[in-house]
Amino acid sequence: MEIGVVVFFPKEAGFAVVSALHEVQRYAIKVNARTTGHTPTLAEKIEPGPFCRFFVQRFFTQYLSAQRGLSPNTILSYRDSLKLLLQFAARQTAKPPDKLTLEDFDADLILAFLDHLEQTRGNCSQTRNNRLAALRTFFRYVAGQEPTVMERCKRICDIPLKRTAHPTIEYLEDEEVRALLESVDPNAPNGLRDYALLLFLYNTGARVQEAVDLERDDLRRQPPFQVKLTGKGRKQRLCPLWPETVSALETYLRHRDAQASSVPAVFVNARGEPITRFGIRYLVGQYASKAEKTCPSLKSKNVTPHSLRHYLP
């Protein structure tokens with residue numbers, strides 16, 4: 001039984017599954033039919049063709065997407081974990097990725113891969129555990145599809161998560177948040193957007209992805225002011241908005257509409273496309289550096305979008 005390589009680079013997270021399958025087909029191998037006379041397993045019954053049709057493809061489309069209904073970002077995380085594992089296995093076995101077989105994957109290889117993540121790639125224990133969780137899910141799925149490899153997959157799934165330290169979460173004082181907001185120049189090209197975004201994060205305590213996914217229809221701009229946020233697991237919640245937040249959003253959206261932007265996302269970048277998590281993280285860091293001049297206490301803090309979820313008014 002041979003494994004196909006999961007390597008793809010979607011331009012947008014929303015195309016995660018489609019992009020995955022396109023790239024899997026490019027790198028996947030063909031499974032040769034066996035004629036030994038014994039009762040064929042599921043893998044042996046597969047007609048010659050991309051392996052992704054029966055395991056990797058079904059894992060992404062039928063299991064992760066259709067059955068579990070996971071978000072595109074979560075699917076991308078599974079993709080990255082499988083890609084890293086297959087690249088590592090190819091180096092360890094001195095085989096091209098398209099020649100790897102299921103027999104090349106056992107608990108020892110997975111443990112070596114996890115050590116590689118921490119020691120070579122410099123990943124923290126939490127990242128290691130996230131990768132392991134994704135691999136557990138994949139091999140548990142394979143075991144359910146092909147019982148003949150259940151024991152091998154079970155040994156992989158039995159690898160325990162590593163205990164991790166929980167660092168103290170830094171919080172921002174009210175004057176620090178105010179300095180951050182006041183560092184925005186409303187006359188700058190993106191000043192109205194940046195001020196509305198920072199005030200929105202401060203007001204709602206929204207996660208970065210929740211701000212990225214925010215659309216106009218999620219805003220209630222008449223009393224009572226509120227916003228509908230869609231968080232992890234696609235759970236939705238309503239959060240009240242301050243009048244000043246609504247005012248900042250209204251000013252920004254009017255300015256944006258004057259530039260003929262029809263994107264449903266509330267916050268967009270200079271190209272008129274939905275802003276990304278990395279874009280928000282960058283601009284928060286930029287304004288934090290600028291705010292240090294008027295609020296020296298910010299110099300000792302690593303200010304990120306998540307910091308705005310923890311503040312003392």
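Contact here means heavy atoms within 4.5 Å. Sorted by class, that α6 and α7 contact has seven nonpolar residues, two charged and no polar. For the classes, Ala, Val, Leu, Ile, Met, Phe, Trp, Tyr, Cys and Pro are nonpolar, Asp, Glu, Lys and Arg are charged, and the others, Gly among them, are polar.

Quick word on what you're looking at: this is a predicted model, where local features need pLDDT of at least 70 and side-chain atom pairs count only at pLDDT 80 or more, while totals for chains, interfaces and linings use all residues. Numbering runs from 1 along each chain as its sequence is written, and side-chain values use heavy atoms, with hydrogens and water left out.

Back to the geometry. Helix α6 covers residues 125-145 and helix α7 residues 150-157; their axes come within 9 Å and cross at roughly 160 degrees. That makes α6 roughly antiparallel to α7, a label used for angles over 145 degrees. Axes are lines fitted to C-alpha atoms, for helices over the stretch in contact, and angles run from 0 to 180 degrees between N-to-C directions. The α6 and α7 crossing is left-handed, as in the near helix being turned anticlockwise from the far one by less than a right angle.

Now, what sits in the loop between α6 and α7? Glu-146 does. And is Glu-146 buried or exposed? Buried, at a relative accessible area of 2%; the cut-off for buried is under 20%, with a 1.4 Å probe and protein chains only. Its side chain also makes a polar contact of 2.8 Å with the side chain of Thr-148 (a pair of N or O atoms within 3.5 Å, one able to donate a hydrogen and the other to accept it; residues adjacent in sequence count only if both atoms are side-chain atoms).

Asp-174, Val-177, Arg-178, Leu-180 and Leu-181 of α8 touch Tyr-195, Leu-198, Leu-199 and Tyr-202 of α9. By class, that's seven nonpolar, two charged and no polar residues.

Zooming out, the protein has 12 helices and five strands, meaning DSSP runs of H or I (at least four residues) and E (at least two), numbered from the N terminus. Of its 313 residues, 45% count as buried.

Notes:
Parallel < 35°, antiparallel > 145°, perpendicular 65-115°, else oblique. Buried < 20%, exposed > 50% of the residue type's maximum accessible area, 1.4 Å probe, protein only.
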